[in-house]
Amino acid sequence: MWNRKLRLEKWEWEKKYWKPADVALHNRPEDCWVSFNGIVMDLTPLVQEYRNRPEILPLLAEAGKDISHWFDIDGKLRTFTHPVLGTKVPYLPHGPIPHLHDYNLPTTAWEPEPLNSWWRDPKYVIGKLTKSARPVRIYNNLTKMEITLTVCAEETINQILERYLPYNQKARSYLWKYEGNVLDMNKTLEENGIRDRKAELRRLGIPEDIYIPAIKLYFKDDFNFTT
């Protein structure tokens with residue numbers, strides 16, 4: 001389900017989080033994502049627009065990767081002082097990129113960074129990059145099946161449920177519990193009292209995977225069949 005194309009309004013993508021592993025799956029010209037400075041972009045339409053043009057090659061080389069090293073903390077392209085122009089110009093050792101193919105030319109139309117550049121365009125933004133990915137076990141008390149998912153720390157239980165749906169399409173028909181307590185589906189794991197102990201285990205020199213919290217699912221017997 002994670003390879004679908006998303007076009008989200010700002011209020012939606014501000015609540016959508018992706019793992020680096022999610023981004024890494026989209027590494028082809030027909031499906032090209034990148035992340036930088038904590039946001040994730042689907043640049044597939046841009047790649048198609050610049051198909052067979054040399055400016056797109058640096059982006060294709062970084063498809064599925066983080067390109068924060070291209071930018072400063074304000075989201076502007078890194079610059080250097082041009083030895084001929086004597087002004088700051090974008091630092092692009094990888095070559096020209098879309099919207100900056102003539103960045104070295106001192107013309108009257110030249111500007112350090114176009115206002116309509118793709119890295120400023122919200123239409124490509126599909127969410128934020130998680131600050132921390134964490135594992136969680138999900139145990140189905142009805143089928144006795146258990147899987148381990150790696151999720152974003154910022155995701156609510158409802159969003160984790162969305163990740164779990166490929167393994168159980170009726171996951172919404174279950175009661176989600178942790179240590180006997182019903183979980184608030186609109187809160188994160190941490191907000192539900194499910195602590196991330198990776199840092200603590202690392203400090204003690206204990207393998208991080210020795211403790212993975214388990215959420216238990218209890219069937220509510222309210223399947224909603226569709227025709």
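Author: Helices (H or I, at least four residues) and strands (E, at least two) are DSSP runs, numbered from the N terminus. Counted that way, the protein chain has six helices and 12 strands.

Reader: What kind of model is this, and which numbering does it use?

Author: This is a predicted model, so local features need pLDDT of at least 70 and side-chain atom pairs count only at pLDDT 80 or more, while totals for chains, interfaces and linings use all residues. Residues are numbered from 1 along each chain as its sequence is written, and side-chain values use heavy atoms, with hydrogens and water left out.

Reader: How do you know what confidence the predictor has in this chain?

Author: Look at pLDDT, the predictor's confidence in each residue, from 0 to 100. The mean for the protein chain is 86, and 85% of its residues reach 70 or more. Residues 1–6 have pLDDT below 50, and this stretch has 19 contacts in the model beyond near neighbours in sequence; contact here means heavy atoms within 4.5 Å. Where pLDDT is low, the predicted coordinates should not be read in detail.

Reader: Why is K198 called buried?

Author: Buried means under 20% relative accessible area, exposed over 50%, and partly exposed in between (1.4 Å probe, protein chains only). K198 has a relative accessible area of 15%, so it is buried. This lysine is in helix α6, residues 198–203. Of the 227 residues of the protein chain, 41% count as buried.

Reader: What makes a set of residues a nonpolar core, and which residues have the most contacts inside the largest one?

Author: The set must be buried Ala, Val, Leu, Ile, Met, Phe, Trp, Tyr and Cys residues joined through side-chain atoms within 4.5 Å. The largest such core has 23 residues, and M41, L43 and W118 have the most contacts inside it. At least two of its residues come from each of β3 (31–36), β4 (39–42) and α3 (44–49), with β3 giving the most, three residues. W118 is in contact with M41, L43, L46, L59, I67, W70, F71, I97, P98, H99 and Y124, leaving aside neighbours within four places in sequence. Another core, of 20 residues, lies apart from it and includes L161, Y174, L183 and I194.

Reader: How do you know that the buried residues of α5 share one side of the helix?

Author: In α5 (residues 157–164), the buried residues are I157, I160, L161, R163 and Y164. They cover an arc of only 155° around the axis, so they are on the same side of α5; the arc is that of the directions from the helix axis to the C-beta atoms. Among the elements covering these buried residues are α2 (20–24), β8 (133–140) and β10 (174–178).

Reader: What makes the phi values of N37 and N52 worth a look?

Author: Most residues other than glycine have a negative phi, and most peptide bonds are trans. N37, in the loop between β3 and β4, has a positive phi of about 50°. N52, in the loop between α3 and α4 (57–61), has a positive phi near 70°.

Reader: Why is N37 called partly exposed, while N52 is called exposed?

Author: The relative accessible area of N37 is 35%, so N37 is partly exposed. N52 has 75% relative accessibility, so N52 counts as exposed.
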